[in-house]
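Hello,

Please find the structure below, handed over for you to look through. My notes on what was found follow it.

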Amino acid sequence: MSSYQGVIVSDPWLQSQFTQVELRTLKSKFISVRTQHGRVTRDDLPPVFAGMKAFSEMFSEDEIKTFLGESNSDMGEEIDFEAFLRLYLDLQGRAVEKSGGLRSSFLKATTTTFHHAINESEKASYVAHINNYLAEDKFLKDFLPIDPATDALFDLAKDGVLLCKLINVAVPGTIDERAINTKKVLNPWERNENHTLCLNSAKAIGCTVVNIGTQDLVEARIQLLADLNLKKTPQLVELVDDSQEVEELLSLAPEKVLLKWMNFHLKKAGYQKQVTNFSTDLKDGEAYAHLLNALAPEHSTHSTLDAKDPTERANKVLEMAEKLDCKRYLTPKDIVEGSPNLNLAFVAQIFHHRNGLTDSKTTTFAEMMTDDAETSREERCFRFWMNSLGATTYVNNVFEDVRNGYVMLEIVDKIFPGTVNWKQANKPPIKMPFKQVENCNQVIQIGRNLNFSLVNVAGNDIVAGNKKLIIAFLWQLMRFSMLQLLKNLRTHSQGKEITDADILNWANNKVKKAGRTSQMESFKDKSLSSGIFFLELLSAVEPRVVNWGLVTKGETDEDKKLNATYIISVARKLGCSIFLLPEDVIE
């Protein structure tokens, strides 16, 4: 079986603006024009763009021709595919502006949904979140507080600094802030570096950045849901009765865990209804009233439930929550109208301040959690990598979520479209074990077709949750996709397979040609722990990206940690998608 090699764009930022489906569609149109005319110029594009659904109702062919002429006076000059994509994005931006939509210059909508309406209540909530958590930030304090009634949020987001800072609020230490460009006035190159750093760091904390819209300030969401897992809050084990249910809890999305937690307390409080969503089920405020009465009996009052008007009851709910130090990020109107995002944030805040759980079962649970630190880091790395690919299924726990085989098929199909036989795939929920085995057997067969090392490995091993074999398969899948990318970019390789030795030689030669002296003997070379070689390699690729005044000698453990965190952020700034931790560099 020949493996599919997706459409590759040399500029990582440009690649990140499109899904593979969109790139293949646009590539097809580009090739069609080139086949028809022998080459592609701006003059050829007006009828092409005018015929696209995204633009056909927005612009006439003549308007598009005028726009294209503004970017370059010579309409007859030949352009390549990447220039074609940039012209497409420019026209897309004009379409958003013409439709009255707001957008950040960083988070562009894509071809699938090029217009995102901004929910003013959600914007106000995000602004309140930023004003609260970043008020003392040395760089941003001059720009805060933001007025939610204006577009100041989007203006402040343009240089990428705010979004980088928000990522560190969500998951502290993700970005080494020494790598952020924070001058008062940034040139386009520096802004683009910040945007790239932010995008790749967002991927590294589990955000899906494919088809991301202006309203998706996902770092706030990541922060609010960060503790909704058994590792951060082992007391959640109180929600289940046996080890099998613990395994199910491990695989639940944070939103599902939050609903399970809410219903657990509502049932104990005698509330008869089941809350299944963060919208319609919460509109009347009754569930909130019962939940808060159960969690905070010292503030319990019947007046909230006695209120006849839903808006009045919602207001009393918010007043009671404020007594628990929950910030008022939503209004009574948001509750009554069933705003799902703001209700989710509100319930998460209540959980954060008063979860009402005990330690009665945590000892038993601790005995079940036998993962060592290295296994946990590897699981995290692969989970974030898998989610960054934009598959339909979001992975919450690699070892649990891959066991039915379906998410593995989705990941394989994202990397090598066309390799999965979807007619033979079984879609979740899958109750019959042999159906799970069928999915996993197809995953293993595809791996063998790609020449993975899978001696004595069968689909049953994935279904059984064999962590060692699951990690081994995912490592080979990630490595193969990276090597395919290198093979596609390295045109002079003439299609030959790139080996570890090739990568090693390239890195050493790159550093040597830059006039530096350090070299590495292998990827296990202990001298790499200082970080100096990696920084010299990054500097060789782009000299201006490393500030050597911030680099230590890497002799002590503390100095090695400083270098390692800086290395990861500098690499992401250059456009690298990196999922390892500083500890992986140091060790």
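**Cysteines**

Cys 381 is buried, with a relative accessible area of 16% (buried means under 20% relative accessible area, exposed over 50%, and partly exposed in between, with a 1.4 Å probe and protein chains only). This is a predicted model, in which local features need pLDDT of at least 70 and side-chain atom pairs count only at pLDDT 80 or more, while totals for chains, interfaces and linings use all residues. Residues are numbered from 1 along each chain as its sequence is written, and side-chain values use heavy atoms, with hydrogens and water left out.

The number of disulfides is zero (a disulfide is a pair of cysteine sulfur atoms within 2.5 Å). Cys 198 is in no disulfide, and the nearest cysteine sulfur, that of Cys 164, lies 4.8 Å away. Cys 198 is also buried, at 2% relative accessibility.

**Salt bridges**

There are 11 salt bridges in the structure (a salt bridge is a side-chain nitrogen of Lys or Arg within 4 Å of a carboxyl oxygen of Asp or Glu). One of them joins Glu 298 to Arg 354, with 2.9 Å between the closest N and O atoms. This pair links distant parts of the chain, 56 residues apart: Glu 298 is in the loop between α14 (286-295) and α15 (303-306), and Arg 354 is in the loop between α18 (340-353) and α19 (362-368). Helices here are DSSP runs (H or I, at least four residues), numbered from the N terminus. Glu 298 is partly exposed at 48% relative accessible area, and Arg 354 is partly exposed at 27%.

Lys 333 pairs with Glu 337 at 3.9 Å, N to O, and Lys 333 is exposed, at 53%. Arg 403 and Glu 400 form a salt bridge at 3.3 Å; Arg 403 is partly exposed, at 21%. A network of salt bridges links Asp 137, Lys 165 and Glu 177.

**Helix α28**

Helix α28 covers residues 557-573 and has 17 residues. From first C-alpha to last, α28 reaches 24 Å, close to the expected 24 Å (the expected span is 1.5 Å times one less than the number of residues). Since 12 of its 17 residues are buried, α28 is largely enclosed by the rest of the structure. Among the buried residues are Lys 560, Tyr 566, Ile 567 and Arg 572. What covers the buried residues of α28 includes α10 (188-204), α27 (532-541) and α29 (582-586), where contact means heavy atoms within 4.5 Å. After α28 comes Gly 575, whose phi is positive, near 110°.

Regards

Definitions and conventions: Helix = DSSP H or I, 4+ residues; strand = E, 2+ residues; numbered from the N terminus.
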